[in-house]
Amino acid sequence: MNLIYPPQQLRHSVLNRWLVSGVMTRNVRFEPMTMEGDINDWLLKGFSIHENPCRKQFVDERRKSVPALPVSAPPAPGQAVTNWDTTVEWNVYFPWGNPRVEQSGFYFMPTHMLRYAYTVVVSPSAHKAVLNLKTCGGVALWVNGSLAADFTPFTRNIEQQVKVEVELLAGENNLVICHEDLAERDTLYHFTLEYTGSAAIELLIPLPDSEDAEDIRMMERAFELAFLPTDSVTDGEVRLAFTEPFTQPKSFEMSYGSFFDGIKTAQLILGAGREHLVLAHTDRYSADYKYFEIVARIGRTAIRKLFGTELYNSSFQPADSLTLTVEERKRIALQCVAAAGIRNIHTAIAKLSTGGSAGDTAEIILEGLTSIRERRDCADFYLIALYRFWHDYYDSGLFPESFWEQIKDTILGFRYWIDEPGDDVMWFFSENHALLFHSCQLLAGQLFPQDTFLNSGESGEQRRIKAETQLTGWFERFFEEGLAEWNSNAYIPIDVLGLVNLHDLAAMPELRERAKQALDLLYEYMAAEAHNGYLAATFGRSYEKELIGNHSAGTTSLIWAGYGVGNVNSTSFNVSMYLSDYTPPQEYADLQHLQPDEELVYRLEQGKNGYAKLYHYRTDTFAMSSIADFRPGAGGYQEHVFHLAFSPEAQVWVNHPGEIYPYGSGRPCFWAGNGFLPKVGQYKGLGILLFDNKVEHDADYTHAYFPTYAFTEVEQHGSWLFGMKDNAYVAVYAANGLHMTEAGPNRGREITSPGRRNVWILRASDKLECGTYAQFMDMVRETTVDISLELGDVQVNLNDFSYGNIEFSWERPFTVNGEAVPITGCGVKGSLERTTRALGVKD
């Protein structure tokens, strides 16, 4: 039997049903070279401006020869393929709506990736067809045994396309692909093939006679509709819900983890008639966001699908954190990391500092040295911890001299900056990595001033002097520009990691003082923009796992340690903070405790020339945050431009999805970042987003994250969707209408609105401002909204029940009663206003 599918209908017919081989990989080495460039420029110009020299060498060699046709007969699921002494298997590719044939991932070292793909296009007639072939790497395409294209752009993570003209026969046409790339850190490894003709073609996936195509289709359908009831689970079971129970017991394989903590596997059984497959229990974790890959096997066909959720175990949380001192909270946080942290050098130090054995600590640290010696990406995040470890334990007598010699050799052999030769893919060009590299170099030079550093040939003293100059420049830029990756709950903990080690260990008094000032400023940002201990803000770089996983974000535990609000978690990068004598400024603690009749408005400018103009509004019941006029209409990256939060789970944001596949690896992805950036305006609890997205993107819609399960009540009235969380309210409106997703992984948590040109309005309020939930809904429904979606000037005019007349358009600023909302002149330090709310509804 065969599997037969129509192409996926987007702008063209997408051929995304294939038999694919597993990905074959091999680490590759190149001639070590230096690099050039300025940190943070890539955020505005794109990361492709910094290309590793090794990529040119790889591409030049690949373009010299065309791969050979890899198959002479149709492959079958489970059939082996061998290359580079690696054996993988063919299997059916289930796209789950992804137009790409994709297996993106993260690779710490330069890695040559290669895989094959095979499909059959069934055409009703012979005709000449034009195919759009898209990839970031290199794709050789054969049609009916003849080479049709060898497309080799190799533009790292930047998709390119070419038109390929082919002759399709009446009936079956065999298509074969060889897909290659050089993986460097985060790698978008995918290709797309689009049919642009009008024939009613079909895709045929050949199966052995022993395979039951109908059973495969039934399981595929079950996975398409399956969902996790919530995106965050506290103190309970993580369950995957199937909409229709199976009549027979079903076996599943599960794998989970990440590139940071490794992949673990388990075997699961779902009993007949049961609707929920139990994946895990939170008592095995502290607070962590996990991706679970679930696999069902029908014969030799493996059906795989990814699901993600946050797990939070509250057993580490004290009964009343506010009664504890900062030092007491730090100690609890160390114990939490020691018990549940990812196995790495930071966690090893936490274990030792809380009574763990020296033997276990040494074993974990020696494992970690391998990654640093191999110069894997993010090695600087772990190398920095060795200096504190050396400072605290070298004279303890707990470890033999041979152990310390291995650490010393690792430090002396490292590559500390782009002006040193290397053939690795370590990323240097962001403020957090630059800080870590410079800090590592400084502390290494201080520790071994007379030794020779092998990669540069310089002495430790030379390294120290160089690093002091680099760090002086880094601080000058930081205090002038603030955070280029503003508010990022993924990267503030990394900045803190570098700063706190400088604060504690730098020999130069000026650097220690500057580090303290920078730490104080970061804590001021977090204290001003967190809501009940959770950083609820627009982000310069965002990831789905931090956007949804508020309990497990690194900033959450940093805020908790400093001020006792929010929750403790096992983020291992925070260990240095917990061991430090640095104390966050306690005068900021009160910013987390607004009275019911208070409001806080915080404006600040971040980044080069203040390009990020941020507006943050908060009451005791909600927080709304946005970035004004940030490159509207331009292609986005990981910028999170609007956020509304009532609790760690009850939060709402709007974006243009960077990719249409949930749980994808894109930057931007489905929930984090924007394919094209909107123009955003805000005044207090009112936010407006204007979209004018280009036609070349697959996502011809915009959407909002709105987890209905996290709200007390949710209901829709006409064009408005309303939600209540305790005594706070939200109303959401889109000019092109709203539709709640009712099936699949985003069931009950995604609101979509069609069209590339659109206007979204979000109004947050609470009982003190509006009275009851019913009264709030009545006032919002009476709001006059006048919207124009004309090409070139999307605009909106509305009369808010409290704020008055609001005007906003693509060409004009956000105004309230004729006055523009100020977004400039507040600088890196920012302007913070904490006042009594002017309550009462305008006539």
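Q: How far apart are the end C-alpha atoms of helix α7, residues 379-393?

A: 21 Å, and that agrees with the 21 Å its 15 residues should span at 1.5 Å a residue. The expected span is 1.5 Å times one less than the number of residues. Helices (H or I, at least four residues) and strands (E, at least two) are DSSP runs, numbered from the N terminus.

Q: What kind of model is this?

A: A predicted one: local features need pLDDT of at least 70, side-chain atom pairs count only at pLDDT 80 or more, and totals for chains, interfaces and linings use all residues. Residues are numbered from 1 along each chain as its sequence is written; side-chain values use heavy atoms, without hydrogens and water.

Q: Back to α7. How many of its 15 residues are buried?

A: 13 of the 15 are buried (under 20% relative accessible area, with over 50% exposed and partly exposed in between; 1.4 Å probe, protein chains only). So α7 is largely enclosed by the rest of the structure.

Q: OK, new topic: β9. How many of its residues are buried?

A: 16 of 19, so to speak mostly covered, over residues 105-123.

Q: How many bridges join β9 to β14?

A: 16 bridges, with β9 and β14 (residues 171-187) running antiparallel. Pairing needs at least two DSSP bridges between the strands. In that pair, L114 stands opposite E180 of β14.

Q: And β16? How many bridges there?

A: Three join β9 to β16 (residues 202-206), again antiparallel. V121 faces L203 of β16 there.

Q: What about β5 and β4, which sense do they pair with β9 in?

A: Antiparallel for both: β5 (residues 24-27) has four bridges to β9, and β4 (residues 18-21) has two. R26 stands opposite H112 in β9, while V20 stands opposite A117 in β9.

Q: Which residue of β39 is the bridge partner of L689?

A: That's W760.
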